[in-house]
Amino acid sequence: MSFRQARWDEPSIWDLAPSDPGPVPEVPGVPERLRRKEGLRWPELSELEVVRHYTRLSQMNFGIDTSPYALGSCTMKYNPKVSEQLARRPGAADLHPYQPVETVQGALEVVWRLERILAKVTGLPEVSLQPAAGAHGEYAALLMVRAYFRDRGELAQRTEVLLPDTAHGTNPASASMAGFTTREIPSKDGCVDLAALRAAVSDRTACFMLTNPNTAGLFESEILEIAATVHGAGGMLYYDGANLNAILGITHPGRMGFDVAHLNLHKTFATPHGGGGPGAGVLAAGETLAPYLPVPRVVKRGRAFSLDYDRPKSIGKIRAGYGSFGLDLRAYAFAITHGEEGLKHVSRRAVLNSNYLGSRMGRYLPRPFRPLVKHEFLLSGAPLKEKGVRTLDLAKRLLDEGVHAPTIYFPSLVEESLMFELPETESKRELDRYYAAFERAVTDTPEHLHAAPRNLAVSRIDEVRAAREPLLSWKDLRAASAKVETP
């Protein structure tokens with residue numbers, strides 16, 4: 001299977017020719033120094049040209065509605081259209097975050113009910129939907145940890161955040177932003193080396209950040225010992241909820257001993273993911289850290305709902321409005337549609353998908369660590385180097401098959417790593433199609449792998465130059481094209 005997409009350099013894709021500037025209108029009362037020196041250069045385009053332009057752009061992108069998204073640790077699952085319809089109804093979409101609470105009782109009830117559901121899912125009693133995305137939730141959680149130790153008079157001492165070498169890249173960034181130093185804990189057979197953790201914890205330890213299952217797709221079987229080790233040193237245990245899709249209804253962070261957690265509605269609860277739209281990095285906290293959750297909190301008094309700002313220990317307000325209500329509504333619909341047993345099925349099916357596909361792909365590339373995994377699995381592309389091929393080449397070649405590539409070169413503890421996650425929304429038929437695409441790609445010639453992608457709108461790019469000299473507007477694109485065309 002292959003396909004042909006329109007290329008970015010075809011004139012019909014991006015030719016937004018501006019008109020000649022018109023005269024500057026006279027506006028009474030506007031000082032001369034504030035007036036334009038020439039008229040605006042608006043693109044002269046018909047509605048049909050605009051529609052075709054954006055339709056072509058949409059066809060140049062991969063999307064979850066067109067093909068599987070195998071990005072490990074991202075849980076790119078299908079977004080149910082019934083949830084989209086609910087969120088776009090005028091009664092939800094036209095709400096304003098600062099209108100009087102008596103006019104948004106239904107919305108506040110949805111938020112309140114979703115918080116109760118997520119408290120049960122995480123096993124942590126208090127929940128805030130305010131964080132804008134996962135990294136924002138991480139940062140807010142560490143601010144809560146910081147405030148807790150400040151109240152105990154230990155902040156000057158508790159300066160260190162411990163991280164496993166399988167941690168998501170945002171974890172050390174969030175810790176640094178919150179004013180902590182970081183220290184990496186090595187892995188042993190893909191999981192936290194408990195002996196190394198015991199040697200690292202001290203009275204300097206503020207927090208240990210961990211996801212379970214981890215980014216190798218492995219469940220940290222010694223999690224209770226890990227929790228006891230961190231708590232024994234007086235530290236807090238933070239749960240990165242990026243991989244929560246593997247354990248919904250089966251177990252939860254509270255049972256494992258975590259004190260605070262974030263989870264991504266745009267992963268686990270099938271709300272839109274990426275594309276520049278809003279995320280949702282929900283925070284859940286145990287009794288110790290719950291008083292430090294952001295304000296306002298949604299509370300129910302009798303049959304009425306209100307926003308409570310009277311939380312003296314709170315870290316305060318961390319974003320405008322209350323949260324991403326459109327995503328909250330979508331997540332609530334997903335949760336109540338599935339129900340408790342349905343959410344368990346989500347995790348069981350995700351784990352089944354991962355092990356089925358991993359066992360088939362393992363025929364071509366080695367699988368590090370133990371073979372039984374949770375929601376995602378790793379392969380090592382190291383053997384490909386014998387024929388001069390890298391993991392990057394294989395990933396680009398998969399794009400030519402019309403499927404999205406997996407996460408590559410992460411986690412770094414596996415040489416030439418590929419991390420696949422095809423969640424529960426992908427059928428066995430789709431898994432088999434993805435495997436067939438992988439089989440064609442991994443057995444292709446080095447010449448074809450090096451040249452990939454050949455069928456997409458953009459071929460292999462100079463990624464260093466793209467980062468240093470980005471084209472951020474149609475004017476930049478036109479100037480760059482003019483340089484190329486000049487002999």
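Modeller: Let us begin with a strand pair. β8 (residues 260–264) and β9 (residues 281–285) run antiparallel and are joined by five bridges. Strands here are DSSP runs of E with at least two residues, helices are runs of H or I with at least four, and both are numbered from the N terminus; two strands count as paired if DSSP finds at least two bridges between them.

Biologist: Which residues of β9 stand opposite Val 260 and His 262?

Modeller: Val 260 faces Ala 285 of β9, and His 262 faces Leu 283 of β9.

Biologist: What is the bridge partner of Ser 128 in β9?

Modeller: Ser 128 has Leu 283 as its bridge partner there. β1 and β9 pair in the antiparallel sense, with three bridges.

Biologist: Is β9 mostly covered or mostly open?

Modeller: β9 is mostly covered, as five of its five residues are buried, where buried means under 20% relative accessible area, exposed over 50% and partly exposed in between, with a 1.4 Å probe and protein chains only. Gly 281, Leu 283 and Ala 285 point one way, Val 282 and Ala 284 the other, and all are buried. In a regular strand, side chains alternate between the two faces of the sheet.

Biologist: What is the strand order of the open sheet with seven strands?

Modeller: The order is β1-β9-β8-β7-β6-β2-β3, with mixed pairing. β1 (126–128) and β3 (181–185) are the edges; each has a single partner strand, so one side of each is left without a neighbour in the sheet. On average, neighbouring strands of this sheet are turned by 20 degrees against each other, direction ignored.

Biologist: Which strands does helix α9 lie across?

Modeller: Helix α9 (residues 223–232) lies across β6 (205–210) and β7 (236–241), at about 135 degrees to β7. Axes are lines fitted to C-alpha atoms, for helices over the stretch in contact, and angles between N-to-C directions run from 0 to 180 degrees; contact means heavy atoms within 4.5 Å.

Biologist: Moving on, what is the order in the open sheet of three strands?

Modeller: That sheet is antiparallel, in the order β12-β14-β13. Its edges are β12 (377–380) and β13 (407–408), each with a single partner strand, so one side of each is left without a neighbour in the sheet. β12 and β14 (residues 417–420) are joined by four bridges, and Leu 379 stands opposite Leu 418 in β14. Helix α12 (residues 325–361) packs on the sheet and touches β12 and β14, its direction making about 15 degrees with that of β12.

Biologist: How many helices and strands are in the chain?

Modeller: The chain has 17 helices and 14 strands. Its radius of gyration is 25 Å, close to the 23 Å that the globule rule gives for 487 residues, so the chain is as compact as a globular protein of that length. The radius is taken over C-alpha atoms, and the rule is 2.2 Å times the number of residues to the power 0.38.

Biologist: And what is the average pLDDT?

Modeller: The average is 91, and 94% of the residues score at least 70; pLDDT is the predictor's confidence in each residue, from 0 to 100. Over residues 1–6 pLDDT stays under 50. Where pLDDT is low, the predicted coordinates should not be read in detail.

Biologist: What conventions apply?

Modeller: This is a predicted model, in which local features need pLDDT of at least 70 and side-chain atom pairs count only at pLDDT 80 or more, while totals for chains, interfaces and linings use all residues. Residues are numbered from 1 along each chain as its sequence is written, and side-chain values use heavy atoms, with hydrogens and water left out.
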